[in-house]
Amino acid sequence: MIRLDLDLRLAHFPLRVDLDLPSRSTAVMGPSGAGKTSLLETIAGLRPGARGRIEVDGQVLLDTAAGVALPPERRGVGWVPQDAGLFPHLSALDNVRFGAGRARGRVDAAIDALGLEPLLDRPPARLSGGERRRIALARALATSPRLLLLDEPLSGLDAALRDRVLPWLKRIRDEWDVTILHVTHHLGEALALDDELVLLHEGRVEGRGTPIELAVRPGAARSSTTGLENLRRVRVAAHDAAGGITLVDVPGEPALAIPLVAELPVGAEATIAVRAEDLLVVVGEARGLSARNQLPARVVRVVRGEGEALLECATPAGPVPWFVRLTPQAVAALGLVPGAEVRLAAKSHSIRVVG
Amino acid sequence: MSDWFPLWLSVRVSVVATLFASVIGVTFAYVLAKWRSRWSSVVEAVVTLPIVLPPTVLGFYLLTLLGSRSPVGGAWERLTGSPLVFTQGAAIVAATVSALPFVVRAARAAIVNVDSRVEESARVMGMPEWRVARVVTLPLAARGIGAGVALGFARALGDFGATVMVAGNIPGRTQTLALAIFAESQAGRDGRAATLAGVAAAVAFAALLAADLLARRRDREGR
């Protein structure tokens, strides 16, 4: 449980946050410069100008009214800054050992949890971006923190690397007794990892809720570098190994075909993502289309931006709208207006499992 | 060439002075690097003065400060029973003050250049600031500090003006290499002056080269 009631002067606006975060894992999203990093640094004790109160699991870290301000070294938090902040003059192993003191068991457990054994002899200069994040994560875990502050733990990693680091984060969330607060620019990351999502805008809380609730709000889409994605919680219905597909049930929709994910057992829950630009809009009869997935839908809204248009479409029983990004030219050519009946088509390979 | 006293004296004075200048200079540099106040610029300018002042001006101030009639010089005399000026001790003070700004400036720049993220990481991991300085900041700034120390040593070795003012030019007692070269040259013993000059150049060159090689080896081993 994290309780925050903070006021910090930033360059362009004050950061004012009043939040109780009961979740094990909370994501903070917002446009660049919204104050996300400052929020984490304030909790870590690196912003001496902050006023207000910070409480983590009942321990008061800051209470300016009562004259309490623990220095960073006594806050018991783990911090993984954006660039990992590894000690360049120490080997990976010495980095992980650095803050652990005599808690060698913790060091071994952290090394084990993050699969670092093969990297331990190397200096940070000879580690890849993803490896550095994992070392930084292990280093923070080895200090037995109550709270883990992760500043964009997956930023700067390409999609393949992200997919490799994300499972480690999930493992930490599930197996270590630590609360996680992390800043992210990826909706997919929040969906995969977090129970709760806080949207920050110009220093203020603009919204909070479960990631899936917020994913369709413009605020979340605006701050996600992965663009607007259609995300759904799904349940694995069947595998067709020969056909190379897995069928998943989506609440209120026909089953969708996605590329085979044999490692997910039938009945398992997962989150899938389809980028708004990867959905096709079909008007009238669509015959001989290779896309395996077709959903009947109705256009609810047409939002025109600069050089692009966004459709909000509703399926008959689906609880959440689907977003489609098109060119204005396509909107005009197809005569897409609110109320138009269409079919949304998605090829299996445009659907990714993100969590 | 039998009398190598000026060489040994110079080496001894510069080594001791470099040690003093390193300890004082790195401490000073650390405080200046971390202290965010406009006064830090004033303090740094004062510390840098010995580089730009004529060494004789520096020597004059030191003489004023350390002479028997000054509080500092007087206290020294009461404590040790003999005056400080015109001794090897005074030569060490002159060399220390000459070397100090080189150490302070290089070390301050190196400390400021250490990635603050890395230092903050260490703080959050449970280390108080003095330990962060010892195990993170100073090791990461070592290359720059080393370069400053090497320059400081070379400067201490070569000092003439400040030394002659406070330590005098007493053969066999305070006559360092730089002073001996002047004395020999004045006395027309050009051969001996040339030999001593060659030795002075060689020692300074060796010190700078050694510092650079150490820094290179450090870079190869880690980072």
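Student: What should I know before I start?

Tutor: The model is predicted: local features need pLDDT of at least 70, side-chain atom pairs count only at pLDDT 80 or more, and totals for chains, interfaces and linings use all residues. Residues are numbered from 1 along each chain as its sequence is written, chains are lettered from A and ligands numbered from 1 in the order in which they are written, and side-chain values use heavy atoms, with hydrogens and water left out.

Student: Which strands pair with S4 of chain A?

Tutor: First, the terms. Helices (H or I, at least four residues) and strands (E, at least two) are DSSP runs, numbered from the N terminus. Two strands pair if DSSP finds at least two bridges between them. In chain A, S1 (residues 2-9) runs antiparallel to S4 (residues 51-56), with six bridges. Here A:Ile2 faces A:Val56. S4(A) also pairs with S5 (residues 59-63) of chain A, antiparallel, through four bridges. On that side A:Val56 stands opposite A:Gln59.

Student: What lies between S4(A) and S5(A)?

Tutor: Two residues, and the strands form a hairpin. In the turn, A:Asp57 has a positive phi of about 45°.

Student: How do I read the interface of chain A and chain B?

Tutor: The size of an interface is often given as the accessible area lost when the parts come together. Buried area is counted with a 1.4 Å probe and summed over both parts. Between chain A and chain B it is about 1,700 Å², and carbon and sulfur atoms give 67% of that. On the chain A side, A:Glu73, A:His89 and A:Phe98 lose the most area to chain B, together 34% of what that side buries. Now count contacts, meaning heavy atoms within 4.5 Å. 21 residues of chain A touch 18 residues of chain B.

Student: How many salt bridges are there between chain A and chain B?

Tutor: A salt bridge is a side-chain nitrogen of Lys or Arg within 4 Å of a carboxyl oxygen of Asp or Glu. There are two between chain A and chain B. A:Glu41 bridges to B:Arg117, with the closest N and O atoms 2.8 Å apart. A:Glu73 bridges to B:Arg123, with the closest N and O atoms 2.7 Å apart. That pair runs from the loop between S6 (68-69) and S7 of chain A to helix H6 (residues 116-124) of chain B.

Student: Which parts of chain A does the salt bridge of A:Arg235 and A:Glu269 link?

Tutor: The closest N and O atoms of this pair are 3.2 Å apart. The pair links distant parts of the chain: A:Arg235 is in S12 (residues 229-240) and A:Glu269 in S15 (residues 269-275), 34 residues apart.

Student: Where do A:Arg325 and A:Glu277 lie?

Tutor: They form a salt bridge, with the closest N and O atoms 3.5 Å apart. A:Arg325 lies in S19 (residues 322-326) and A:Glu277 in the loop between S15 and S16 (280-282), so the pair ties together parts of chain A that are 48 residues apart in sequence. A:Arg325 is partly exposed at 22%, and A:Glu277 is partly exposed at 34%.

Definitions and conventions:
Buried area = accessible area lost by both parts, 1.4 Å probe. Buried < 20%, exposed > 50% of the residue type's maximum accessible area, 1.4 Å probe, protein only.
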